[in-house]
Each structure stands twice: as C-alpha cells, then as structure tokens.
Amino acid sequence: MTDPDWATWTDEQLLAARLSDLNLSIAGTEVEQHIAQVNAELEGRGLVRPHYWLSDEWFTPDGVPGVAIPFYLAHPRLAKLELAQMLEVEGGDPASCMQILRHEAGHAIDNAYQLRRRPTRRRLFGNPATEYPEYYTPKPYSKSFVQHLDHWYAQSHPDEDFAETFAVWLHPQSMWAAQYAGWPAQRKLEYMDRLMRELASTRPRVKSKRQVDPLPRLRRTLGEHYRRKREHYGLDHPDYYESDLSNLFSDAPEYAKNPSAAGFVRKIRKEVRSTVASFTDSYQYTIDQLIETIIERCRELNLRLTDSAETTRIDFMVFLTVQTMNYLHSGRHRVAL
C-alpha cells in the first residue's frame, strides 16, 4: 500500500487537516487482524459478528450491532500523532486493542439480541436507561464488578458493566470461574454464560449495518478533535499539598547552587508520568497536567534539590503516587467517560 501524502507531514500540518480528508480504511491494517480474532471468538460461541467502521473514537451506538474504531489505529503516523497529543494510544498495542474489541463486541451483542429488555439482565446489571454521567467515581476495591479495562470501567454505567462482564466471559484464557470465585461479580458471569449459551446459533433481532459518525462525514480538523479530547480528559486532576512539595525541595540559601526543582521534574517527567499512571490506573494526560502544575509552582517558589538526583527521583515518584492514590480513594476522584 502506498502511504498517503500526509504521512510525511509535520504535526502542525496534520492538525490542520480534516478527519474526512484522511481517506482511511480498516483493510490491511493491524487492527483488521485483531478484529478477525475477536470475530473468530464470537463465531466459536455461535454468536453474530458485528460490523466495523472508522470514526473519531471507540464506541458502539445504541441499537446498532456494530463497532466504531478510532482513526489513529488505521495508520502508524496517526498513532504517533495520538501519542504526541494524548500521551498514550488507547488500543495501540495488541493486548489493549483486543481488550477494547471484546468490550465493544459485548455492546454489539447486547444490541443485536436486544438483551436490555430481559428482566434478569436488568436486575443484575442495573437499569440500562440510566443516564450516562459525564464523569463517574469508581470504588477500586469493589468485588461487585469484573476488572477488565482500566479505570474500573465496569462501574461507570449498567451497560458498561454488561460489556465488561461479556469481555471477561469471551476471553479464551480468562479462567473467570476461578478468578472471580466468591465475588458478587461471579453471579453476573454465570448469568452471562447461561445467556450466551442460550443465544448460540440463534438469529439476531437487529441486523442493521448503520454507521454512526463514519470518518468521511467528520469535517472538523484534527486540531479541533484533539482540543476537545484534551479538555474532556484533563478537567479533573489530583490536588497536591504544597507542604509535601517543600519537604522534597527547598528555597533555602544553602541550596542556591543546586539544580532547580522545575528543571529536574521536567527532565524526569515522561518516566514519572508513565510509572505513576501505571501504578494508580490513571490517565497519563491527567498525571501530566499535575506535573505541569508542580513544575510551575517549583519555578514560582524557586525551589531546588536538597539531595542527590537519584534519591530525589525516587522520593518524587513516591510523592506523586501517594498524592494520586489519596485522591483516587477520597471520593473526589472522577473518571471521564
């Protein structure tokens, strides 16, 4: 396949391009291989395959047995831009892509067989008519939900709980019966197993091939797309305690010749952001905003290192992890949907 002209453009040039002008296709991409794998898993269970199309993000529309795939997975240059803009690529590696595809397949199966109408499904997972919140506050230690996607996503809405439970059930190596033994979530998985066996090889009630917001119809620029996306995922981030920051660094005269705290934090920013996001199950973009706030405050206070760079790096990582974990469990933490 010949690369499009925009594959060699700078980020600035790409951000000025419209989504509709990218002229992309799923065919021939790595994500097509992952789709084939999920389809094979579904067929092996006697379930219908969803249809797929490219759009601006991952989603399965209400009432449609199909899955929208984010455009950046259709070309390495766009994945690189996604990384530069959002600091991570959701579904950019095979494992996470398969996780999301199984989750979205759960929504598509839900739609294809109109499972929201079933009383037991509603009793176990909640009312699917519940309005989606803009944000949700997860309970990290709850055993009433499966743990599949990051950010305790099953807790965000009854439909997401259903899709997450389906994804765990569908995974060929999940061993869910042993993993969730004794959890309240086990009842949901056992129901899912009975329900899917009942549906095996039956005809779906909804066969629509409708595509919602397909890429060729999205006229906004990539710059506008990422501006909206950053605003959505960056609104809410942990506070930090200035007294704790002062324990790490100092503005005392005896440290005036030591490296600046602002410069030091900027130097270790990428490593710390990735590590703390992994430890705390938080968005890298959210953590990065907090680090930016800390850098600015260090600069304003003219703070400097008081110990070796290696000791300070470890102490700073612990500081940032503790602050984020305190926030996660304080009841103020919210995850953007």
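D110 and R121 are both buried, where buried means under 20% relative accessible area, exposed means over 50%, and partly exposed falls in between (1.4 Å probe, protein chains only). Their side chains meet in a salt bridge, 2.5 Å from N to O; the term covers a side-chain nitrogen of Lys or Arg within 4 Å of a carboxyl oxygen of Asp or Glu. The pair links distant parts of the chain, with D110 in helix 4 (residues 94–112) and R121 in helix 5 (residues 119–125), eleven residues apart. Helices (H or I, at least four residues) and strands (E, at least two) are DSSP runs numbered from the N terminus.

A word on what you're looking at: this is a predicted model, in which local features need pLDDT of at least 70 and side-chain atom pairs count only at pLDDT 80 or more, while totals for chains, interfaces and linings use all residues. Residues are numbered from 1 along each chain as its sequence is written, and side-chain values use heavy atoms, leaving out hydrogens and water.

Back to D110 and R121: along with D62, R116 and D159, they are linked in a network of salt bridges. Side chains of opposite charge can pair when their charged atoms come close. The structure holds 20 salt bridges.

Another of these pairs is D56 with R220, whose side chains meet at 2.4 Å, N to O. D56 sits in the loop between strand 1 (51–55) and strand 2 (66–70), and R220 in the loop between helix 8 (185–199) and helix 9 (222–234), so this pair ties together parts 164 residues apart in sequence. D56 is buried, at 9% relative accessible area, and R220 is buried too, at 19%.

Now hop over to helix 13, where E310 and R313 lie three residues apart, about one turn of the helix. They form a salt bridge, with the closest N and O atoms 2.7 Å apart. E310 is partly exposed, with a relative accessible area of 44%.

V318 also lies in helix 13, which spans residues 309–328. At 47% relative accessibility, V318 counts as partly exposed. Together with I314 and V322, V318 forms a nonpolar patch on the surface, with about 230 Å² of accessible area in total. Patches are made of residues with over 30% relative accessible area and no salt bridge, joining like charges within 9 Å and nonpolar side chains (Val, Leu, Ile, Met, Phe, Trp, Tyr) within 5 Å. The areas come from the Shrake-Rupley method with a 1.4 Å probe, and for residues, only the protein chains shown count as cover.
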